[in-house]
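Colleague: I have a new structure to read and could use a guide. Please give me the general idea of each feature, then the case at hand.

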Amino acid sequence: METVIDGMQGASSGADLDRNDKVLTSAKHFVGDGGTEFGSSTTGSYTIDQGVTRVTRQELEAVHLAPFAEAVRRGAGTVMPSYSSLDVIGDDEGPVKMHANAEMINGVLKGRMGFEGFVISDWQAIDQIPGDYASDVRTSINAGLDMIMVPTDYQDFTRILAEEVTAGRVARARVDDAVARILTQKFRLGLFEKPYADTTHLSSVGSAAHRAVAREAVAKSQVLLKNEGGVLPLKKSQKVYVAGSNADDLGNQAGGWTISWQGSSGRNTTGTTILEGMRRAAPDTTIDYSKDASAATGGYDVGVVVVGETPYAEGIGDVGNGHDLELTAADEAAVDKVCAAMPCAVLVVSGRPQLIGDRLGAIDALVASWLPGTEGDGVADVLYGTRPFTGQLPVTWPKSEAQLPINVGDASYDPQFPFGWG
């Protein structure tokens, strides 16, 4: 956290804060985001995103509020509330939308924690507060929001807020406070003196040097879950059969929130797929590709099957909202066919663990290939031994859906692969 806030924003006090080569840090999403109960969301077909976080007061303080207290101490310039609701066990208030939670925003964040920056709403989030739009505006501003993200009708919002102030339902001092908070951060960033970004190094974005760093990060993030019979690393003299939906798809490697909000499959940006990375790593051998493994499998030394997820972001990816943690039928068939015909390595390209327990016995080598983005070369580096596998699981890998949620410290902890494995 210290590295991120200081790196983006600079020191939290002193002359350095007046430099204009920094960007304003946003700590989000306040508070309880990531702790929502499955099935508690009331947003469309979502099942967990934008749901309800039900916690004891002790859990609230120790787990959910503590990181924000540190972010405030480090000088974060903005805080964004969560779409979710907070329900503190033992209180009589029931779930309260965070964009309407004056106790948390005014009382805890600005009061007890002493936050001096400004609070900005999420995308059209005040619309989810119970009541009509005038009530949404009044409630959110009085709860402590200083800037509202209004993506489609700012004229209506401006008119209604002015009417609420005129009617005395929103105090002018509250608006003055919000404006002062926003202006203070802009002054500290030097935006009035130099309002435009420095584009000196814009041409270096996506340069060979940047991609080299990304390639190294990809290699270090690959986690070797299983390797029986020394299938990995591959030898550059081996004839390789490659299959699976994610072997040659740059969009699937990147996931959601990249080229577009929900991502897109196919070749949507500049980079190398895993298949291309393999061919570049071993240019003098045969590496054939059959996405669905329909091509003949005879005559190969080893198979590499690259499976996993398609892009998603936020509640669109919720399990139960058209998604689960199982491999697709096509990927399962590719694993079955290739691994029955030759020694095989299976790579799971995903943003979360996939359920592979029923096929693990037939798989010789298994890799958690966390979304490698544009740098398929980084995956090839560890597959061919140019770099060693050093990644370790940042989460517990479950055996079945019935085990979920599963975490270190559970009374019964029997995962497919434990936290830290690799």
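Modeller: Gladly! Let's start with naming: helices (H or I, at least four residues) and strands (E, at least two) are DSSP runs, numbered from the N terminus. Residues are numbered from 1 along each chain as its sequence is written, and this is a predicted model. Local features need pLDDT of at least 70 and side-chain atom pairs 80 or more, while totals for chains, interfaces and linings use all residues; side-chain values use heavy atoms, without hydrogens and water.

Colleague: How many cavities of 30 Å³ or more does the search find, and which residues line the largest cavity?

Modeller: On a 1 Å grid over the protein atoms alone, a cavity is a set of points where a 1.4 Å probe fits but cannot get out; a pocket is an open set with protein on both sides within 12 Å along at least five of seven lines, and lining residues have an atom within 4 Å of a point. Points are joined across faces, edges and corners, and the volume is the space filled by probe spheres set on them. Here the search finds one cavity of 30 Å³ or more, and the largest cavity holds about 80 Å³. Its lining is Arg57, Leu86, Asp87, Val88, Asp91, Glu93, Gly94, Val96, Asn101 and Glu103. Strand 4 (residues 85-88) gives the largest share, three residues.

Colleague: What classes of residue make up that lining?

Modeller: Ala, Val, Leu, Ile, Met, Phe, Trp, Tyr, Cys and Pro count as nonpolar, Asp, Glu, Lys and Arg as charged, and the others, Gly among them, as polar. The cavity lining has five charged, three nonpolar and two polar residues.

Colleague: And which residues are closest to the centre of the largest pocket?

Modeller: The largest pocket has about 1500 Å³ of space. It is lined by 40 residues, and Gly34, Thr36, Ile48, Asp318 and Arg352 are the closest to its centre. The lining divides into 19 nonpolar, 12 polar and nine charged residues.

Colleague: Now for helix packing. At what angle do helix 2 and helix 3 pack?

Modeller: Axes are lines fitted to C-alpha atoms, for helices over the stretch in contact, with angles from 0 to 180 degrees between N-to-C directions. Under 35 degrees counts as roughly parallel, over 145 as roughly antiparallel, 65 to 115 as roughly perpendicular and the rest as oblique. Helix 2 (residues 57-73) and helix 3 (residues 102-112) pack at about 50 degrees with axes 11 Å apart, so they are oblique to each other. Contact (heavy atoms within 4.5 Å) involves Arg57, Leu60, Glu61, Leu65 and Val72 of helix 2, and Glu103, Met104, Val108, Leu109 and Arg112 of helix 3. Six of these are nonpolar, none polar and four charged.

Colleague: How do helix 4 and helix 5 cross?

Modeller: The axes of helix 4 (residues 133-143) and helix 5 (residues 154-166) come within 10 Å and cross at roughly 70 degrees, which makes the two helices roughly perpendicular. Tyr133, Ala134, Val137, Arg138 and Ile141 of helix 4 meet Phe157, Ile160, Leu161 and Glu164 of helix 5. That contact has seven nonpolar, no polar and two charged residues.

Colleague: Last, the backbone. Which peptide bonds are cis?

Modeller: Most residues other than glycine have a negative phi, and most peptide bonds are trans. In this model, the bond from Lys28 to His29 is cis, with omega near 5 degrees, and His29 lies in strand 1 (residues 26-30). Another cis bond joins Leu232 and Pro233, with omega about 0 degrees; Pro233 sits in the loop between strand 7 (223-227) and strand 8 (240-243). Trp257 has a positive phi, near 55 degrees, in the loop between helix 8 (250-254) and helix 9.
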